Amino acid sequence: MVVQAFQKAAKRRSEYWRGQRKALRQLLSGVSSEGSVGASLGQALHQPLAHHVQQYVLLLLSLGDTIGERHPTRELVVNAITLFGNLQSFMKQALDQAAATQALWHTLRGRPRDVLCTPAHRLLQDSQDVPVTVSPLRAERVLLFDDVLVLLQGHNVHTFDLRLVWVDPGQDGCTFHLLTPEEEFSFCAKDSQGQGNPEMAGWAESRGEFLPGPGARLRHPPAAPGLGGQVRLLQVSLARWQYVWLRHLYSTDEVYKGYFREGLRHGFGVLESGPQAPQPFRYTGHWERGQKSGYGVEEDGDRGERYIGMWQAGQRHGLGVMVTQAGVCYQGTFQADKTVGAGILLSEDDSLYEGTFSRDLTLMGKGKVTFPNGFTLEGSFGSGGGRGLHTQGVLDTAALPPDPSSTRKRQLGVGAFPVESRWQGVYSPFRDFVCAGCPGDLQEALLGFHVQSSRKLRTSQDYLCCERAHPEDSAGSMEDILEELLQHRESKALQPYLRKALSNSLHPLGKLLRTLMLTFQATYAGVGANKHLQEMAQEEVKQHARELWAAYRGLLRVALQHKGQTLEEDEDTETRDLQVHGLVLPLMLPSFYSELFTLYLLLHEREDSFYSQGIANLSLFPDTQLLEFLDVQKHLWPLKDLRLTSNQRCSLVRDKCFLSATECLQKIMTTVDPREKLEVLERTYGEIEGTVSRVLGREYKLPMDDLLPLLIYVVSRARIQHLGAEIHLIRDMMDPIHTGGLYDFLLTALESCYEHIQKEDMRLHRLPGHWHSRELW
């Protein structure tokens, strides 16, 4: 359909130009044939206009020469000459900018081109033409457009809206400073000998005309001193709204965003190194009196490691999980940043070591290694003198090979950190806010991390937003939120209201969701995308759904108290679970789906590869032969064989067989809601049964013996990628109310199809000779 649409559009465009050949020839008559047609056409379109304006300028100049100095029309002519001269200069400048911008697109590749190449942009300055250095970001290339400032670092593109930028030129004419709501930069145009670039002023001056405000070419942001560093409050007034960003910049180029108490980091917060730090790191978690304490996640960019676990007095202390870029995982006990005692180590090839370790994570003492093939090595381990690992023990090669799924699917962290206690530093401030009656002047107690992308946290763009408006304004806003909440209590109105609240970064529920998204990405994105953390992530998403529902109930209780009413008695566990799984989870799951589904992909990668090979083999069959191969009873077939010659046959309306069911099943990939995926599966079953009923001419209920081969046929034709990951995610995240019902039955049938297709490769190798792939067509 997409290809046909493009072909149709191209055909219509061609027909248009064929109908305009005469006018096109006239346009291109005076244009050189050199260069591309596009460039020639562009020149043909603007050249007559430029020539027309030029003739007016020459005519007016000639007229001015014939008019005396004191002639009454002299002023009008001079004014007309000025206007048309300015128009001529503007046209030349606009064409030059367009040409420079067009030339820029050819120098960009990949993501920078995809992000920046839009018709609206016009290039004003390029650091390749007027070299500048930027600190502290160290951008490889700087581009100034008429609406944004762009810093390029490899494939990373950092854009800053010019309406939100302050320009402060330096005293020497060779430097100037830029302040944005996210970052502070210094631009310098001195060469290696310290000489200034005379064109440097072009950078600042090019920016000046786009600064908002009448006559305001330079703006200076307010500054206030802060504890342990510098706090900058960058205020931007846009219409009636005022946004304030809070950043703590330390002399070590570190940035902290989070809660304080008595001038010390306390509660939940994020501390990260500067962009150019020699040993980059980021810590996301809990603090106590200025030190890391409690549950937290730290990523060491220099070593390519991520630690997930407990902290005390700024050091790893207690149970913890460490994952590396090489795929090695460790779970055990830490003390003063070192491993102690027993633990387990999982390698990339699914080998497992259970035993004791030295303080630097070296196998030391008694332990047991289980290899992927089932062999075990049990004994004492040690290292010495640079001669590698030494062991003395028993190698058992008689053990039966373990179930591959059990060895690959070992999960870490599930029993080590109770899910309800992991992110109390995020939940507790919200509870305190609700217990205090949701006063508007305490909205500052709620963190709101604005994240540019659910896949990747941009260190230069994510920031902490705290509302510091006037107390009465905040109180009024909070009153409006509570009033609206009461107006949407009914079941039909509740889901749209929660969807709106969770998508609003200024709503308390929206702020809470965004902070939870940040902790999830900090744990499971990048290095944390490890298959052994899948169950830990899955239970965390469910816990977040429970907390969000509890947060809604807390706000509702406060809203009723403001009206002199009370909330009905606390709901029981069953009622709460119905609301959490049926209402909240589908609304918030998209915010975590990218990272969560990646973990499912990694965990079920091996099964999905067998499934993909089975699909590839089954795709070689025409419809009738595939139905016959799957032992589908012929009276259920919606088509018949046609023999064209003695050596060739094909099916009637080939690839149309059960087409409606196939297209329906493919929609399972278009949603993230487990219930909607199950509804797609139910409709697919209905399409299969409907097709069979039309073939038989009567209503027909498919028994399991008939349904399974037909469903295998539909699944093989639908060619859904990563079906194993899809099935397991549905099974884990579906509403428990469906257990044992129709949805459970259909999902079990789909699981059987998935397992059957994985085994088709071996079955095809045992087929008789007439099924050889060369004869399948």
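## Salt bridges, a helix pair and a sheet

R422 and E539 form a salt bridge, with their closest N and O atoms 2.3 Å apart; the term stands for a side-chain nitrogen of Lys or Arg within 4 Å of a carboxyl oxygen of Asp or Glu. R422 lies in the loop between α7 (404-408) and α8 (424-435) and E539 in helix α12 (residues 534-562), so the pair ties together parts that are 117 residues apart in sequence. The model is a predicted one, where local features need pLDDT of at least 70 and side-chain atom pairs count only at pLDDT 80 or more, while totals for chains, interfaces and linings use all residues. Residues are numbered from 1 along each chain as its sequence is written, and side-chain values use heavy atoms, leaving out hydrogens and water.

**Salt bridges**

- The structure holds 24 salt bridges.
- Both R422 and E539 are buried (under 20% relative accessible area, with exposed over 50% and partly exposed in between; 1.4 Å probe, protein chains only).
- D623 and R717 meet through their side chains in a salt bridge of 3.0 Å, N to O. D623 lies in helix α15 (residues 623-629) and R717 in helix α18, so this pair links parts 94 residues apart in sequence.
- D623 is buried at a relative accessible area of 0%, and R717 counts as buried at 15%.
- R731 forms a salt bridge with E751, the closest N and O atoms being 3.2 Å apart; R731 is partly exposed, at 27% relative accessible area.

**Helices α14 and α18**

- Helix α14 (residues 605-618) packs against helix α18 (residues 704-718) at about 95°, their axes 9 Å apart. This makes the two roughly perpendicular (65 to 115 degrees; under 35 is roughly parallel, over 145 roughly antiparallel, and the rest oblique).
- Axes are lines fitted to C-alpha atoms, for helices over the stretch in contact, with angles from 0 to 180 degrees between N-to-C directions. Helices (H or I, at least four residues) and strands (E, at least two) are DSSP runs, numbered from the N terminus.
- Y611, I615 and L618 in α14 meet V715, S716 and R717 in α18, where contact means heavy atoms within 4.5 Å.

**The open sheet**

- Four strands, in the order β2-β8-β7-β6, form an open sheet with antiparallel pairing; strands pair if DSSP finds at least two bridges between them.
- β2 (133-135) and β6 (166-169) are the edge strands, each with a single partner, so one side of each has no neighbour in the sheet.
- β7 (residues 175-179) and β8 (residues 184-188) pair over five bridges, and H177 has S186 in β8 as its bridge partner.
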